[in-house]
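Trainee: Please take me through one part of this model closely. I would like the charged side chains and how they pair up.

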Amino acid sequence: MKTLLTDKEIKYEGWQLSPHWIYKNFKIQGDAIVAFKGECEVKLTEMVDIEDVINNEPIYSKNMLNFITEQFNVSLIEGVFRQRLLICIIKEALERRGIKVERYGDDLYINCKKLTVSIATKSQTSILIHTGININSQGAPVKACGLESDLGIDDTDKLAKEVMERYAEEIDDIMMASTKVRGV
């Protein structure tokens, strides 16, 4: 799996969670994960999570560290497992920095304040995952916390690289592990 941290600021609006967005914008073909920072504003019309639409819960963050991954030849169920793996890797990375983090499904919380948003979906050709970590929690529509604004974590580029590298290594290792066993 290929990884890229771009220094280009991108406002995440939901429509970027689409097939070949990574390939079209960064010329990375195949399984990949890309990280970028920027404002996040996902209106209900762009929501993939139907529960959020029903509950009238748009997403907003003044500044977010975003991860988008596209992976091919994967079912939606496996995509959700991979989404949860990504969330667990983020949790571990924060815990290594001394932050106590609670995980509930695909969301991370600190002191009952929401730190992340995440969704996995399936296109005709791939599974797509978006995970965002608040950098600045100001203006969020829910009780939220941010890496810089509330936790004092200002090495977001280092965090992004660490998360992507560990995620790519884990996915590659899982694929290799599946090739070394004898069927029974």
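Mentor: Start with Lys11. Lys11 is partly exposed, because its relative accessibility is 32%, and a residue counts as buried only under 20% and as exposed only over 50%. This is a predicted model, so side-chain atom pairs count only at pLDDT 80 or more. The side chain of Lys11 forms a salt bridge with that of Glu13, at 4.0 Å from N to O. Glu13 is partly exposed as well, with a relative accessible area of 29%.

Now move to helix α3, which covers residues 76–96. Here Lys91 and Glu95 join their side chains in a salt bridge, at 2.5 Å from N to O. Lys91 and Glu95 sit four residues apart in helix α3, so about one helical turn separates them. Glu95 is partly exposed, at 36% relative accessibility.

Next comes a link between helices. Glu162 and Arg96 meet through their side chains in a salt bridge of 2.5 Å, N to O. Arg96 belongs to helix α3 and Glu162 to helix α4, so this pair ties together parts that lie 66 residues apart in sequence. Glu162 counts as buried, because its relative accessibility is 19% and the cut-off for buried is under 20%. Arg96 counts as partly exposed, at 47%.

Salt bridges with shared partners connect Lys11, Glu13, Glu39 and Glu41 into one network. The structure has 12 salt bridges.

Glu165, Glu169, Glu170, Asp172 and Asp173 form a negative surface patch. Patch residues have no salt bridge and over 30% relative accessible area. Glu170 has 32% relative accessibility, so it counts as partly exposed.

Last, the setting. The protein chain contains four helices and eight strands. Their order along the sequence is β-α-β-α-β-α-β-β-β-β-β-α. The radius of gyration is 16 Å, close to the 16 Å that the globule rule gives for 184 residues, so the chain is as compact as a globular protein of that length. Its C-alpha trace spans about 50 × 40 × 30 Å along the principal axes. Of the 184 residues, 45% count as buried.

How values were computed: Residues numbered from 1 in each chain as written. Predicted model: local features only at pLDDT ≥ 70, side-chain atom pairs only at ≥ 80, totals over all residues. Heavy atoms only, no water. Patch = residues over 30% accessible without salt bridge, like charges linked within 9 Å, V, L, I, M, F, W, Y side chains within 5 Å. Areas by Shrake-Rupley, 256 points an atom, 1.4 Å probe, with all protein chains shown as cover. Lys, Arg positive; Asp, Glu negative; His and termini not counted. Charge placed at Lys NZ, Arg CZ, Asp CG, Glu CD. Buried < 20%, exposed > 50% of the residue type's maximum accessible area, 1.4 Å probe, protein only. Helix = DSSP H or I, 4+ residues; strand = E, 2+ residues; numbered from the N terminus. Rg over C-alpha atoms; globule rule 2.2 N^0.38 Å.
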